[in-house]
Amino acid sequence: MIIIITNTNLNSGTETSGRANNRAFDELRNMKIEAGVLERADGSAYLEIGGNKVLAAVYGPRELFVRRLMQPNKAVLRCKYNMAPFSVDDRKRPGPDRRSVEISKIASEALTPAVFLEKFPRSTIDVFIEVLEAEGGTRCAGITAASVALADAGIPMRDMVVACAAGKSDGKVVLDLSEIEDKEGEADLPIAIMPRTGEITLLQMDGHLTEEEFEQALDLAINGCKIISEEQKKAIKNRYGD
Amino acid sequence: MVINMVHIVPEIIKESVTNLVKNGERTDGRAFDEYREISLETGVIEKAEGSARVKIGNTQIVIGAKPQIGAPFSDTPNVGVLMTNTELLPMAAPNFESGPPDENSVELSRVTDRCIREGKVVDLDKLCIVPGEKVWMVFLDLHVVDYDGNLMDAAVLGSVAALMNTKLPTTKIEDDELILDYDNMIPLPINDTALMSTFAKIGGEMIIDPSLEEEEVMVARLSVGITGDGSICAMQKGGEQPLNKEEILKAVSLAKIKTAELRKLLP
């Protein structure tokens, strides 16, 4: 039997020509970050950007039971990115898939350069990123939240890593792609930076960009990161004062 | 999720919590029949057709309900399907690890499922679209994000709230084609609001809504599911020690009163 779905507001909140909610090409979606939202975790953060809702939690530095991962001179930072089954339109089967395994790897690599791991030999710092609702840009939202959770856990860091994507949608280079813009767009460029130095700790791209467009998108994403970075600092200040 | 590392509770804590209870007190100053602060919100996940966030004390669960079209089981061709799944996330406690559901996670799923199923919370008969072929399958996913004791009561309360919040697209059949109309959503048919109360046995007393500290010390546990009309719909005993008849009967009669109070929190 054929199943036909009728739904006139399928694209509600995000139209395809022009950006949803009259967003400018260099404008981020509405966001909020809250630090210290969980009781048991050593550090935690909750982040919303657009329709994304992400929780991040940090445990550690703590004893590492997997001996083969142990580093004699520093801690290891392990990251697990996971999506809730109800976070997407069609229920996602619980458990890791190839996509979440890859994102876990690049997220831990994005965060690692900022953390003084050498202070905690033979131990582990575990970062858990839980996507409760996904609307384009969950890896960036997850990394941004994870940094706040690391700071909330009191882990010494050189900088608070922040992530943001730029891309090309409807022929234009734009900041912070929504789900529709990502799906129907031409390119997606998520990056993470350490804002004090501007060094890039994560870079991925898919789609098609010319060299000029790439440079434009990269600058746009770096600027987006800097704006989000202020929100991260605000979240920590709201929790702990100035 | 695998719960590794046997958590060792210091004898001194065991003794102090137990002695407190013997003196009629609890570590957080609650009465034996008093819940911690409870908060319940619904509609927290827009992409889920139904959702809820429940907090009992610091225990926190996010629950999403997602209906899908599927085939019924061959022995119940005219009845919809309800599937309950729990993730004890590694972020929820230092001793939770990622991996396939372990026995604690499966027990929580199954007890929640039993309470909702036997309590006839969802009218599964009304979820049949084409007998023997197409029914609604409602997936109820429980995401435990913070674990501070008494997951059972939080799981059932949040699940019932999420189901009451769930909307289904209307369906019709035209020319052997199934049309799902997402412009006209109808509420999931709800029959009852079965809820659960859990008691921990410590120092010979039955205390409601055990905190994590109390769960670590308790010698036995009893969860009682009660329907809207006050009948018992599900029970589960846990823990290493036995319970006697008086303790069980006392828990049941208290559960009746306490679930009625919890019911007022539902939307």
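A disulfide is taken here as a pair of cysteine sulfur atoms within 2.5 Å. By this rule, 0 disulfides are counted over all chains. The structure is a predicted model, in which local features need pLDDT of at least 70 and side-chain atom pairs count only at pLDDT 80 or more, while totals for chains, interfaces and linings use all residues. Residues are numbered from 1 along each chain as its sequence is written, chains are lettered from A and ligands numbered from 1 in the order in which they are written, and side-chain values use heavy atoms, with hydrogens and water left out.

Two cysteines illustrate the count. The sulfur of A:Cys164 lies 5.1 Å from the closest cysteine sulfur, that of A:Cys225, which is too far for a bond. B:Cys233 is likewise in no disulfide, and the nearest cysteine sulfur, in B:Cys115, is 4.1 Å away. Buried means under 20% relative accessible area, exposed over 50%, and partly exposed in between (1.4 Å probe, protein chains only). A:Cys164 is buried at 2% relative accessibility, and B:Cys233 is buried at 13%.

A:Cys164 belongs to strand β7 of chain A, residues 162–169, in which 8 of 8 residues are buried. Strands (E, at least two residues) and helices (H or I, at least four) are DSSP runs, numbered from the N terminus; two strands pair if DSSP finds at least two bridges between them. On one side of β7(A), A:Cys164 is buried along with A:Val162, A:Ala166 and A:Lys168; on the other, A:Ala163, A:Ala165, A:Gly167 and A:Ser169 are buried. Strand β9(A), residues 187–194, runs antiparallel to β7(A) and is joined to it by 7 bridges, with A:Ile191 opposite A:Cys164. β7(A) also pairs with β8(A), residues 172–175, in the antiparallel sense over 4 bridges. These two strands form a hairpin with 2 residues between them, and A:Asp170 in the turn has a positive phi of about 60 degrees.

β1(A) and β10(B) run parallel and are joined by 5 bridges, and A:Ile3 has B:Leu178 as its bridge partner.

Finally, a nonpolar core is a set of buried Ala, Val, Leu, Ile, Met, Phe, Trp, Tyr and Cys residues joined through side-chain atoms within 4.5 Å. The largest has 63 residues, of which B:Ile61, B:Leu127 and B:Leu163 touch the most other members. Helix α3 of chain B (residues 151–164) supplies the largest share, 10 residues. A second, separate core of 47 residues includes A:Ala163 and A:Met194.
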